[in-house]
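Have the chain open while you read.

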Amino acid sequence: MMQLTLLEAAEACGGKLVCRVEEDAVRCISCAVTDSRQVQADGLFFAVCGERVDGHRFISQVFAKGAAAVVTQKTPAQVQEESGEDCSAWGSYILVEDTLQALKAIAECYRIKVGIPVVGITGSVGKTSTKEFIAGVLSERFCVLKTEGNFNNEIGVPLTLLRIRPEHELAVVEMGISDFGEMHRLSKMARPNVCVMTNIGQCHMEQLKTRDGILKAKSEIFDYMASDGEIVLNGEDDKLSALREIRGHHPHYFGLGGNPAEEVFAETIESHGLFGSEIVLNLDGTCRKVQVPLPGIHMVINAACAACVGKLFGMTGEEIASGIAKIKPVSGRNHLIPGAHYTLIDDCYNANPGSMKAALDLLSLADTKKIAILGDMFELGENSDFLHAEVGRYAVSKQIDSLICVGENSLHMFEEACDYAEGTEHIAHFRTLDALLAVLQEEQETYLAEGATILLKASHGMQFDRLLSFLQERNQPA
């Protein structure tokens, strides 16, 4: 159960608590959700008015499932008038002006009440993988709650915080933004004790304009950092390595040994291709061999970051090494999927220029034919054409065998790749994903060599998950 009663929730958000029975006011909540399908007995449902779905339509259903209460910005009479639904069976509810704002306010109150340390993670690239590494290391000693899936925005972060239970000793919270002010609001809810920044790359450029703008927006994470908090930064990033003091705090740096300020770094790296790396990790002068099970230099950096955070929580080198060695890939992010005809690298959750290049670096480690299927990157602003072209040029520089570009913006990727191609045997462009799927349906062997390693990478809106499903179906034994 949560350490929160309905009365405390109502007071936190300034709402009016209307109880079915008087005892409901001191009733503890089992869970807090915005998806009616996830409601459990004694749960609290937030009826959020979304762009496509109004949560108020499902209030009667959640009460039928045993919900303790709902947070609503509409009265039963209003809902009944709008939907024609009989609302006489409503249970207790908290009436507020704005359900989403109430969710944030209740999450902030709850986070303060439970009081456990929170590690907040932000950055342009690698937040989710870094979160997995940090949570994996800390779990060697502590009971850790971590962000699940893509719950890193102004709905996901409060829902994550409201998942904290009495058994949890630490929370690792991923925090993603696309505009100024968002991180300030996330920080107000999470109030991180440790702030981690992975890097400052080129994403959300439409709103944030420049890398300096991105740094400024992400630096809002410090607005509500604990007064005795710690800051952990990537020493290999030019923007972050220049931050020697932040609001009176001296950052801790991690990396690859390219910056003398790094306290934790990989002293040597022995690549095992797509099967990860063995590194010698330097922890403040003490060296230890560590197995990094996920491939790519960026995963080595993630491991160094997790080690740096683990060190701040007093963990031993043995605990840190053990936690890193147990890390598993996350679906949609550098996830290797072997099959009967080829190996897929599922990295199709999202994309920006930095993560595209990291994924291509990973593909280059394969000892098979190398095929990259790359799609549009969104929210890159006025430099979008140039940045897509830059990725095309980078792709052919990695000596991949085949490059397939998908999308309107990726035409620039394709054209640049054609201009600079030397070792790449085949380069193609399709304006839509459907066009590519139609061709693969009839001519798969023309584009996908038997035994190849195939990278799938694009922004989430390109729906490359459909491409992944298509290829997985055709990657089964005969």
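On a 1 Å grid over the protein atoms alone, a cavity is a set of points where a 1.4 Å probe fits but cannot get out. A pocket is an open set with protein on both sides within 12 Å along at least five of seven lines, and lining residues have an atom within 4 Å of a point. Points are joined across faces, edges and corners, and a volume is the space filled by probe spheres set on them.

This is a predicted model, where local features need pLDDT of at least 70, side-chain atom pairs count only at pLDDT 80 or more, and totals for chains, interfaces and linings use all residues. Residues are numbered from 1 along each chain as its sequence is written, and side-chain values use heavy atoms, leaving out hydrogens and water.

Searching the whole structure turns up one cavity of 30 Å³ or more. Its lining includes Ser 129, Glu 132, Phe 133 and Met 299. Helix α5 (residues 127-138) gives the most to that lining, with three residues; helices are DSSP runs of H or I, at least four residues, numbered from the N terminus.

Ala, Val, Leu, Ile, Met, Phe, Trp, Tyr, Cys and Pro count as nonpolar, Asp, Glu, Lys and Arg as charged, and the others, Gly among them, as polar.

| Space | Volume | Lining residues |
|---|---|---|
| Largest cavity | about 30 Å³ | six nonpolar, one polar, three charged |
| Second largest pocket | about 320 Å³ | ten nonpolar, seven polar, one charged |

Now back to α5. Its axis and that of helix α11 (residues 297-312) come within 8 Å and cross at roughly 40°; axes are lines fitted to C-alpha atoms over the stretch in contact, with angles from 0 to 180 degrees between N-to-C directions. That makes α5 oblique to α11, since angles under 35 degrees count as roughly parallel, over 145 as roughly antiparallel, 65 to 115 as roughly perpendicular and the rest as oblique. The contact has nine nonpolar, four polar and no charged residues.

Helix α13 (residues 353-363) and helix α14 (residues 384-397) pack at about 10°, with axes 10 Å apart, and are therefore roughly parallel. Met 356 and Leu 360 of α13 and Leu 387 and Tyr 394 of α14 are among the contact residues, which divide into seven nonpolar, no polar and three charged.

Key:
Helices (H or I, at least four residues) and strands (E, at least two) are DSSP runs, numbered from the N terminus. Contact means heavy atoms within 4.5 Å.
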